[in-house]
Each structure stands twice: as C-alpha cells, then as structure tokens.
Protein chains: 6
Amino acid sequence: MNTVDRYFEDYEIGETRTSVGRTITETDIVLHAGQTGDFFPHHMDAEWTATQPFGQRIAHGTLIMSVAVGMTAGDINPQAMSYGYDRVRFIRPVFIGDTITVTAEITEKTDHTKRPDTLGYVHEKVSVVNQTGDTVLVLTHLYLSNKRALSATS
Amino acid sequence: MNTVDRYFEDYEIGETRTSVGRTITETDIVLHAGQTGDFFPHHMDAEWTATQPFGQRIAHGTLIMSVAVGMTAGDINPQAMSYGYDRVRFIRPVFIGDTITVTAEITEKTDHTKRPDTLGYVHEKVSVVNQTGDTVLVLTHLYLSNKRALSATS
Amino acid sequence: MNTVDRYFEDYEIGETRTSVGRTITETDIVLHAGQTGDFFPHHMDAEWTATQPFGQRIAHGTLIMSVAVGMTAGDINPQAMSYGYDRVRFIRPVFIGDTITVTAEITEKTDHTKRPDTLGYVHEKVSVVNQTGDTVLVLTHLYLSNKRALSATS
Amino acid sequence: MNTVDRYFEDYEIGETRTSVGRTITETDIVLHAGQTGDFFPHHMDAEWTATQPFGQRIAHGTLIMSVAVGMTAGDINPQAMSYGYDRVRFIRPVFIGDTITVTAEITEKTDHTKRPDTLGYVHEKVSVVNQTGDTVLVLTHLYLSNKRALSATS
Amino acid sequence: MNTVDRYFEDYEIGETRTSVGRTITETDIVLHAGQTGDFFPHHMDAEWTATQPFGQRIAHGTLIMSVAVGMTAGDINPQAMSYGYDRVRFIRPVFIGDTITVTAEITEKTDHTKRPDTLGYVHEKVSVVNQTGDTVLVLTHLYLSNKRALSATS
Amino acid sequence: MNTVDRYFEDYEIGETRTSVGRTITETDIVLHAGQTGDFFPHHMDAEWTATQPFGQRIAHGTLIMSVAVGMTAGDINPQAMSYGYDRVRFIRPVFIGDTITVTAEITEKTDHTKRPDTLGYVHEKVSVVNQTGDTVLVLTHLYLSNKRALSATS
C-alpha cells in the first residue's frame, strides 16, 4: 500500500484499472450475515432457495458492493476522500463459488457547488463481472477531491 | 422473522419505521477490513489517525452502509426485491463506540419503465443517525415490487 | 426488531411460532470452534470422522443450541428475561449442509416461588428439526416474566 | 489434546477439574451476535444499556454457556458422548471485560433406562465464576457413557 | 489446559508428541486473508488457480504455520517461553479439504550464550503432514527455558 | 494489486520498502486464538496477566508474524514464490493497542543448490517495529525465484 498525492486535475476521464479476481465463498456470506444481521433465507437457507427461481443461495447485495469497493482500494490518496455512491444497481445475482473481477473507470469530473475553486468530485464507475463475463453490479463512486491549483496557495 | 406479502400498492408514502440502536465497535471495523480487504490506515492505524483532523480511526463507509441496510431488514416480502441504491452520502464519520439508529421512510413510488402494469419501484429513504442525533449517512433504497392488480390475474 | 410489552398473563399455553430455515455450514462450525476453543476432531477432522459411525463432521451441540435460540429471538419484551434452560437434549447429529427450522411453543407457566404475586416463569419448548423433518434438538427455555396485575400497582 | 478411554465406572463422584481463566471481550459478543443472529440491544447497544439497571452491554447467555462448555473440553473420550444439559441457570450477567473460570465436578451417575447393563449417564456440574468469585452460570452436563464390564464382552 | 512446570533439564531429546487431525477449510483461508490482508489470487481466486499448475486455491503459508503451532500448544509451562522459529520450510501446498496432523519432537538443547547457568534453548522440530502422509511444512520451534538447578537457588 | 514480473536478477541488495501502520487490536487476538486454537491465558486472560511481569495480554507470536508478512504482500510476482522463513525472533511482546509498521529489505541472494542456472533464493529481512520505535519481531523471508537468463530460453 503506497501513499500517492493525486489532485482533481490529475484524474483523466477514461483512465481505467482492473482488479484480480476473487471467489465469493459460503464463508463470505455467513460472515456478512453475521456482520449485518441480515439472515434472510435468500442468503442462508439452501433448502428453500432450491425451490425458488434462482435455485440456490444468493450473496447479499451489500456484500458484493463492499467487496467490490474494497477491491478498488489501491494507493492511499491524501487529496481525496470517499463522498458517496450513485446509481448502485444489482444486475444479476452472485452465487457461492462465483468469481468476481472489478473494473473502475473515471467517467466524469464535476466542480463542488460551493467551493468550485478548491474542490471537485471525481466520478468513478465501478463494474463487477462474474467468471462468465456477465455484469453483476455497477455503481458510481464519488470522491471529493482537492484541486491542485488553489490548494497549493492556501 | 415473518413472511408478509406486500405489493406495490400496499406501500404508502410517508410510512416510517425506526430501528433499535447498535454500537459500532472496533471489532466491526476489523471484521469489515477482513471481509473487504480494505486495510487503509484511516480504519486500522490508531497512531496515525491520532495525527489527523478526525483524531481517531473511522469506520468504513461500506461497513456503516451494510449494517444500516441490515438493520432495516424486517419482514420477508416475497413481492419485492432489492434493486439498488441511489444517492448514498457519507455525511459524517462514524467512530468506534458510536451508536447508530436507522430510520427508513417510503418517499416515492415510480412505475417500471417497460412493465408499468405489473412492476414498480418503491423508494425508501434510509437515514442513519449517531448517539448525538447527527446524521451520518443517507441513502435511497430501491425495491422492485410486484403490483397487486395484475399479478393477481397472471 | 420491535419492542412489545408482554406480561406473564399475556402468554397462552399452546401458542406457537416457527422460524424460517437456516443451513448449518462448515463456516458455522469453524467459527464456533474458534469461539469456544473446542477443536475436537468430531467437528474438525473430515478424515477421521469418515472412519466413524456418523461418517462426517458433526456440528457442536452448543452451536446448534445457540443458533436455534437465536432464531427464536423475535420481539424485544421488556417484561421478560431469559432465566435458563431445562432438559436440553441432542437427539440427532447435525451435519454440514443440514438446514434447521425451529418451533417454539409455550408449554407451561409457573409462579415464582418467593414472589408469586409479581413474577412467574414462562416455559417455552424449543424444537429443532432438520430438512428431513427429524428432530435434532429439544430444550425448554425459561423466561422470568413480570406479572401484569401487581406490576401495574407497584 | 489426548485421547483417553474412560468408562462409566471410571468416573468418581466428587472428582473436580478447574479451567484457566478467559476474559469475555466485546469481540466475543459481536461474534456471537453474528453467529446466532441475536442483535438484541441488551448485547449490542452501549447507549441504551447505559440507561438500564445493569448499565452496560451484557453477554448472550448462549455465549457464556458455549464458551464455558468449550473450556471443559479436555481429553477426547471415545467411551462417552455429550447427551444434553439440565438446569442451565443464568445467575448473574457477564459484562465485557469480565474474566470467567469454569469448574466441573462429577455429581451423579445414573443408569440408562433401557440399557442399564451397558450404558449410563455421567452428570457433571459446570459452574462458571467471574473475577470477583461470583457465580454467573451453572448447568449440569450429561454424558452418555459406555460401561466397561459388558462393553468388554460385547 | 493444565499448568505444568517443566525445566530445561526435563526435556529429553527424542521425546515426541502427535496431534489429532484438523481439516483445513475454505473458511480458514478466508479468515486468514481477513486477518492478514493477504488476498493474493493464489488463495482467493478459484477461477485463476484452476489455470495454474496446482489447479486450485492454496492455503497461506502463515495459516498452516499458525494452525500447526497452535496444535502443539498443550500444557502451560511457566518455565519456558516461545523464543522464535528456525528453518520454516513450505514443502508442499495445502489445499482446501486437506487434513493436517502435527508431530513435535525435541531435537536439540543448547545453552543460552550469556546466561548458560540459568537459561537454555529447547529446540522442537514441528512436522506437518497431510492425509496422504506427505510432509507439507517443517520448522524448528525454539523455547527459551529456565534451568532447574540454579533457578531453584536464585 | 498489480501483477509484475520480477526475476532473481531484478532484486537488489539493500532495496527497502516500508508499510503503513496497523494497530493490533483485542479483536485480532481473539480471532487468532479462534483460528489457531491457542487460548493460552497469556493471550486471553486479562486478570491473570495483570499479575504477571508483562502486566497485560500479549499477542500470539504467530499473529504478529502472519500480519507482518501479510503487510509485505505488495505486487503479485509470478516469478517468485514463498519458500520459507529463517531466524524468526520475537524480540518484544506486542500488546493490545500497539501499532506496528513493517520494513522489508533485500539482504542476500543465493543460488539454488541443484538448479543454480535457473533458480535462486532472494532473502528479505522483515523487521517489525511498534509505535515507540522498538523492534518487536524480525525474520528473514526466503523467496524461491526464477532467474531471467535461462528462463527466457527454456
């Protein structure tokens, strides 16, 4: 883990990074139920889910989202902080044994409304695909980022 | 945990439910780092964070979001499924020992674009406050919900 | 999770509630060994258990008991507290992948010996069955419960 | 961990063993909530419990019971198996930071009703005390044990 | 767990103890990744490892080492403490579902350089084999041990 | 996490990297006890350790070693694999709340005995210091590494 200063100006639209893969295990689901308190049978009951359209237990949406966001944590950047997420969409279910890979692409940069000289938002689109190449989750991660120009003088 | 059928028509704008409290512990943060692989010093290094503006370790955003969403999991509703989240915003940091409470309010109902006769989206605004009453996180949880009328005849 | 005041008088003999199902996983066993320190090969050694009459690893008794009791935790009742358990009996082993369902029935109400006017015990029989309908565990959960009549005047 | 054959006849009324100590931590409570799904505020909400008579979070009864039973797991005895528990009683609450020690004493031996020649029950009273010497939990652990005499000839 | 005083003089070259078995599970690997932050695809990505020479996920070296050393923790000896390890060698990979057994043999005793009258090192060779009898890990565990003679007079 | 091919020839004696910090928590110790089965009172009993020279609970040696090695996991290098550790030495205890930082330095390169043309060992000295700058653990991590020259032609 390295610490690298990157300012708003340093992010380029279209720049992309891709993670290695990670297999989502039964353990991950049990641990996530334990962390969140969500023991819905959709995630925890192999017998009942076998009678449902999907046919098996499904990972929690917040599990896949949390793991995917974690897989995009690369360098530490003191000039940006996580501000929120937009349009988180669960496209397909993730099953036990599926392997996900995450791609993150800078798609937009916008100014901070009240402090446009010193702050802006970097929009990073996070796409999660499974081992067959199907997209299972997309979201836009917003970073509140310092601008280089005026930060330097303040 | 009870199973209760609620259709799109059954949700009323303004209906609200509030959770009991849950204290966010050091354990939660360590477990969430372990689940996501995000060991950023913001969450894991008490010495370094003591030198930073916030002065102490901060819970992961995805931890608070996952726990808060889990705290809203009440009855099982076979007529609705989690579709995604909009405008997830981290308003204030959550520290070790903070106790969060979650309020969920139905704020909007919209038709499904392609299948407006049978499906709609229920928008539930989730607000997370800490023990001093300050809001730390807000998000809108979207449920894709069956409509009663036409479901009944299909 | 709701908070509902129920007094001793409010419980009726024969009232029954049944949980959804939960699959007992290898993860549950590993976590329970880790929590209790019980790493007996009956729970942890797939090779050795394959040579034994049961033929495979068996869940800890305290795991099934803890999960089953947890599955009966419904509303929060400020007028009652867990007092203990009677006649906990392990009827059949639970294996990895078995799915358990829990039924709880009020079977008896008895007065508190020293304070019969204000306190009583509610006896709830907890029965755990697996996916084939076989009972694997029974126990009687005792709640020490406030009585309504005199509580109101005290 | 050693494997030692001990038959019904080998257990003597009054024989006693005492564990080392173990401190019950906030981590244990969070993990037990996660394993059982019991997130009652009595265990998880430091703010609310501060307003209650006990003044702080309380360990789950099944946590203390599971840990205590685990602390009595010594030698592996192929001639006995855990049959159940009688009269489990929660005497005092266990708080975060309390250190428990467990004493187990053989208090009774009874014949198996249907197969008295070959099987019997060994009753072991398990007592859990905290760091101030107060008893917090008692229970009787029943082992179904082979008898030496007839086992040898069968 | 018993407390037994054993001094340097009490250890004999060649004395050996062997553990029961323990199956290494997917859960163990996921938990170890979570504890250490090592999410390398060698341990976590079933798809990618299927394309590699070993063909499947491999347990972390530090997982097997930690578990194996833990499996040798028997009696508590107030007269010795863990000083370090020499020549830790990973001979073969451990896969999910492998069952390991640990043998520990006292192989050498050496004096402490500066305090040879009162202290010495007990060298214990730890060998880990899998279910097919193949050695997967060896290491030498060094204990710094009090000598009986002069300890008694000091 | 990036994948970068580095051959034996690419490592330079003296090259050094330093991690960010990580605070060792009570949670880490409880989880490590749970993973390894080592519940020695040195790690788990706050009351007893308060009467001992160190005065408080001590992290397991294998915990600090596992975390430290994990903290050195940077880029994925397909040309090298972990071969073992030499001279692991626990210099000082690590207590709950201590924050460790890890430095790794390439200190030596040696040929493989039987295949010196294609393989060699890269020796990396790992040093772990706490928040006061005291060294708590040192070890030498050995990597078995492909050599570039002949690999290219094979």
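How many helices and strands are there in chain A? Chain A has 5 helices and 6 strands, where helices (H or I, at least four residues) and strands (E, at least two) are DSSP runs numbered from the N terminus. Read along the sequence, the pattern of chain A is β-β-α-α-α-α-β-β-β-β-α. The C-alpha atoms of this chain fill a box of roughly 65 × 30 × 25 Å along the principal axes.

Before I go on, a word on conventions. This is a predicted model, in which local features need pLDDT of at least 70 and side-chain atom pairs count only at pLDDT 80 or more, while totals for chains, interfaces and linings use all residues. Residues are numbered from 1 along each chain as its sequence is written, chains are lettered from A and ligands numbered from 1 in the order in which they are written, and side-chain values use heavy atoms, with hydrogens and water left out.

I turn to the contact of chain B with chain A. Here 34 residues of chain B are in contact with 34 residues of chain A, contact meaning heavy atoms within 4.5 Å. The size of an interface is often given as the accessible area lost when the parts come together. Chains B and A bury about 2,700 Å² between them, 60% of it on carbon and sulfur atoms; buried area is the accessible area (1.4 Å probe) that two parts lose on being put together, summed over both. In chain B, the residues that lose the most area to chain A are Gln35(B), Phe40(B) and Arg89(B), together 24% of what that side buries.

What of the polar side of this interface? Between chain B and chain A there are 2 salt bridges, a salt bridge being a side-chain nitrogen of Lys or Arg within 4 Å of a carboxyl oxygen of Asp or Glu. One of these joins the side chains of Asp86(B) and Arg89(A), at 2.9 Å from N to O.

Which elements of chain B give two or more residues to the side that touches chain A? They are α1 (26-36), α2 (41-44), α4 (61-71) and β3 (80-90) of chain B. The largest share, 9 residues, comes from β3(B). By residue class, that side of chain B divides into 17 nonpolar, 10 polar and 7 charged. In this count Ala, Val, Leu, Ile, Met, Phe, Trp, Tyr, Cys and Pro are nonpolar, Asp, Glu, Lys and Arg are charged, and the others, Gly among them, are polar.

Strand β3 (residues 80-90) of chain A and β3(B) run antiparallel and are joined by 4 bridges; two strands pair if DSSP finds at least two bridges between them. Arg89(A), for example, has Gly84(B) as its bridge partner in β3(B).

Next, the symmetry. A rotation of 180 degrees with 0.0 Å of shift along its axis superposes chain B on chain A, with an RMSD of 0.0 Å. That is the relation of a two-fold axis. Copies are superposed by least squares on the C-alpha atoms of residues with pLDDT of at least 70 in both. Of the residues of chain B, Asp86(B) comes closest to the rotation axis, at 2.6 Å for its C-alpha. The same surface serves both copies, as 100% of the contact residues of chain B recur in chain A.

Chain C meets chain A through 11 residues on each side. The area buried between them is about 860 Å², of which carbon and sulfur atoms give 59%. Arg22(C), Thr23(C) and Thr27(C) supply 44% of the area that chain C buries here, more than any other three residues. The count of salt bridges between chain C and chain A is 0, and 4 residue pairs are in polar contact, both at pLDDT 80 or more. The most residues on this side of chain C, 4, come from α1(C).

Chain C can be laid on chain A by a turn of 120 degrees and a shift of 0.0 Å along the axis, with an RMSD of 0.0 Å. The two copies are thus related as by a three-fold rotation axis. In chain C, the C-alpha nearest that axis belongs to Thr27(C), 3.2 Å away.

Conventions: Polar contact = N/O pair within 3.5 Å; in protein donor to acceptor, adjacent residues only side chain to side chain.
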